[in-house]
Amino acid sequence: MLQQTRVEAAIPYFEKFLQLFPTLRALAEAEENAVLAAWSGLGYYSRARNLHKAAKKLSVEGIPAAQDRDAFDQLRGLPGVGPYTAAAVASIALGLPHAVLDGNVMRVISRVAADPGEVSAPGTRRRFGELADQLLDRRRPGDFNQAMMELGATVCVPRSPACAECPVSRFCAGRAAGIERELPVKKRAAEVREVALELVVLQQAGEVFLVRRAETESRLAGFWELPEKRRMAGLAGAPQKSFTHQIVNDRFRVNVWHTRRRNTKTERIAEGRWVPLCALGDLPVTTITKKALQALGLDPPIPSRAVGV
Ligand code: SF4
């Protein structure tokens, strides 16, 4: 959950997720829709899909143990587990000597080594990885990795590193050369694109009309969302609410229209259906749709169903 998401934003989802799926088996046996519903609002849904697939694989093959010679490779073989996650789990949970390399550790290493390599370049990552491996305390790899991540998060911070309080300042070549604030070297971020979106909350009694995204969509396949205004006939006046929502480099400027008048053009959308408001929490609903409903005071409830528990 913490990949691409702040700790404070993830905590309520984490607690709710563990209530719904308290064991590996419960998660492995759950329907994918129930897992996506519990994740709705966090975004980056491939994380949820991969976590679910990993739980299924582990429930069949068993959890890697420290004495397995290939424990790290077993972890790397799980869906969604890259070198960083595998090294973090191997070192912290199993005590195996694998150095982690996240953004915080990369910053510390670039400064300690005064390495001007551009951080996303494969050669730079390889070099930083080798240096992190050399530095790793092989007797306490989990503690060492957490200390490196914490150093980057709290002392060797991006704009104003607290070098005077830093426990490794004696070894820091970047500080000695006075270039610590110029490191690490990063490519310029991609420009943000503005995207206008007009959404309609078509409501009757305790239901809203939602449209399901096709399974073939590259993003948010199978998720439920509000119909766009262009798919609705004769809606006049002005939107009731507006908000912005950013997904990677797209900033959506969303206008929300609210109507209780039946609309045959919209209701003919083949992949649409009326959904009771009380059932919204059990469906995978896009974050933008959740925000639009919340803006109108129609908050989707917390999922009530823990499929497979
Ligand atoms: S001395 Fe400064 S730049 Fe070097 S690791 Fe410590 S905080 Fe970072």
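Trainee: How many Å separate the centres of domain 1 and domain 2, taken over C-alpha atoms?

Mentor: Two remarks on the source come before the reply. This is a predicted model, in which local features need pLDDT of at least 70 and side-chain atom pairs count only at pLDDT 80 or more, while totals for chains, interfaces and linings use all residues. Residues are numbered from 1 along each chain as its sequence is written. Domain bounds come from an automatic or database domain assignment; here the assignment gives domain 1 (7–182) and domain 2 (193–295). Their centres, taken over C-alpha atoms, are 36 Å apart.

Trainee: How many residues does the contact take from domain 1 and from domain 2?

Mentor: Two residues are in contact if their C-beta atoms, placed from the backbone, lie within 7 Å. The contact takes 7 residues from domain 1 and 9 residues from domain 2. For classes, Ala, Val, Leu, Ile, Met, Phe, Trp, Tyr, Cys and Pro count as nonpolar, Asp, Glu, Lys and Arg as charged, and the others, Gly among them, as polar. The side of domain 1 that touches domain 2 has 3 nonpolar, 4 polar and no charged residues.

Trainee: At what angle do helix α3 and helix α4 pack?

Mentor: Helices (H or I, at least four residues) are DSSP runs, numbered from the N terminus. Axes are lines fitted to C-alpha atoms, for helices over the stretch in contact, and angles run from 0 to 180 degrees between N-to-C directions. Helix α3 (residues 32–39) and helix α4 (residues 46–61) pack at about 135 degrees, with axes 9 Å apart. That makes α3 oblique to α4, since angles under 35 degrees count as roughly parallel, over 145 as roughly antiparallel, 65 to 115 as roughly perpendicular and the rest as oblique. Glu32, Val35, Leu36 and Trp39 of α3 make the contact with Ala48, Arg49 and His52 of α4.

Trainee: Which residues come nearest to the ligand?

Mentor: A residue is near a molecule if its C-beta atom, placed from the backbone, lies within 6 Å of it. Of the 15 residues around the ligand, Cys156, Cys163, Cys166, Cys172 and Glu180 come nearest. The largest share of the shell, 3 residues, comes from α7.

Trainee: How do the axes of α7 and helix α9 cross?

Mentor: The axes of α7 and helix α9 (residues 141–154) come within 8 Å and cross at roughly 80 degrees. The two helices, α7 and α9, are therefore roughly perpendicular to each other.
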